[in-house]
Amino acid sequence: MPLTFVQLALVFTGGALGSMLRFAVPFDQLESLWLVNIVGTIFLAWVNSSAWFSSASRRAFWATGFAGGFTTMSGIAVFISTAPESPGFAAIQAVAMFAVGIAVYHLAAKRFGSVTR
Amino acid sequence: MNLQLMLLVGLVGGGASVIRFLFSLMPGKFPVGILIANTLASFIGGIASSGLAIDPTLGLILVSGLAGGLSTFSTFAAQTSTLISQKQPKLAWLNVALNFGTTITAATLGTNLGLALLK
């Protein structure tokens, strides 16, 4: 599908909303990373499984923009690189988040898919 | 909560999301576009986090807006799950290993570069 200005504007708006919501999460760094990444991943699984989100414009806003902007990979990497006093603990947290995130997406996509399709 | 700062994070995060979207359009069986976006974002996040002491406001905009908006965890999880569903375990493991290794390496390089520039 060719790129359109509307599609880019929807990604921009969804990304801005997701970024602001992530910024507003009132927990410390590690708790915030867990919350935004796991909740955002479950949300993306729902978006990717639901017929209501199947149009290109809704996907651009909610999947690419909002879920992408709400979750963060750089936050995990910066958390590890700036934790020199406990790099092992930070690395274990990151590995656990990767494993839980992938598993949660897999299970949620199956769950939501079986309900909405 | 500083509303003006939050709006700036949103504006920069929205722009960064568009750049991530353009990266994600790179063709191929392996999701290299998101890997590049995540790695680049981690490098920027590393530099910006080391500069937080100089200008906390600019640092927060770059870390939360630019790096946070450019990178994504949910799409990484979705793409890895899809590779597993498509019976591509080697590509799934490669995606996990590269996203883990390159983002942490990039953030560490960025942090060290930022600290070196501050001296």
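How many residues of chain B are in contact with chain A, and how many of chain A with chain B? In this predicted model, 45 residues of chain B are in contact with 40 residues of chain A.

**View 1. The side of chain B that touches chain A.** The largest share comes from α1(B), with 12 residues. By class, this side of chain B has 20 nonpolar, 24 polar and 1 charged residues.

**View 2. Chain B and its helices.** The secondary structure of chain B comes to 5 helices and 0 strands. Along the sequence, the pattern reads α-α-α-α-α. The C-alpha trace of chain B spans about 50 × 30 × 25 Å along its principal axes. Chain B has 119 residues, and 50% of them count as buried. Now take the contacts in chain B with a separation of 6 or more: residues 24 or more positions apart account for 71% of them.

**View 3. Helix α4 of chain A against helix α5 of chain B.** Here a helix from one chain packs on a helix from the other: α4(A), residues 74–81, and α5(B), residues 89–118. The angle is about 60°, and the axes are 8 Å apart. Because of that angle, α4(A) is oblique to α5(B). The crossing is right-handed. From α4(A), the contact uses A:Ser74, A:Ala77, A:Val78, A:Ile80 and A:Ser81. From α5(B), it uses B:Thr103, B:Ile104, B:Ala106, B:Ala107, B:Thr108 and B:Thr111. Sorted by class, the residues of this contact are 6 nonpolar, 5 polar and no charged.

View 4. Is α4(A) buried or exposed? Of its 8 residues, 8 are buried, so α4(A) is largely enclosed by the rest of the structure. The buried residues are A:Ser74, A:Gly75, A:Ile76, A:Ala77, A:Val78, A:Phe79, A:Ile80 and A:Ser81.

**View 5. Helices α2 and α4 within chain A.** Stay with α4(A), but look at a partner in chain A. Helix α2(A), residues 29–49, packs with α4(A) at an angle of about 155°. Their axes are 10 Å apart. That angle is why α2(A) is roughly antiparallel to α4(A). The two helices make a left-handed crossing. On the α2(A) side, A:Gln29, A:Leu30 and A:Leu33 take part. They meet A:Gly75, A:Ile76 and A:Phe79 of α4(A). This contact has 4 nonpolar, 2 polar and no charged residues.

**View 6. The largest nonpolar core.** In soluble globular proteins, nonpolar side chains tend to be buried together. The largest nonpolar core of this model holds 61 residues. Which of them touch the most other members? They are A:Ala77, B:Ile44 and B:Ala67. The largest share of the core, 9 residues, comes from α2(B).

**View 7. Around B:Ala67.** What is B:Ala67 in contact with, leaving aside its neighbours within four places in sequence? One partner, A:Ser74, belongs to chain A. The partners in chain B are B:Ala41, B:Ile44, B:Gly45, B:Ala48 and B:Leu62.

Conventions. Residues numbered from 1 in each chain as written. Chains lettered and ligands numbered in written order. Predicted model: local features only at pLDDT ≥ 70, side-chain atom pairs only at ≥ 80, totals over all residues. Axes fitted to C-alpha atoms, helices over the stretch in contact; angles between N-to-C directions. Helix = DSSP H or I, 4+ residues; strand = E, 2+ residues; numbered from the N terminus. Parallel < 35°, antiparallel > 145°, perpendicular 65-115°, else oblique. Left-handed = near helix turned anticlockwise from the far one by under 90°. Contact = placed C-beta atoms within 7 Å. Nonpolar A, V, L, I, M, F, W, Y, C, P; charged D, E, K, R; others polar. Buried ≥ 20, exposed ≤ 12 C-beta atoms within 10 Å, placed from the backbone. Core = buried A, V, L, I, M, F, W, Y, C linked by C-beta atoms within 7 Å.
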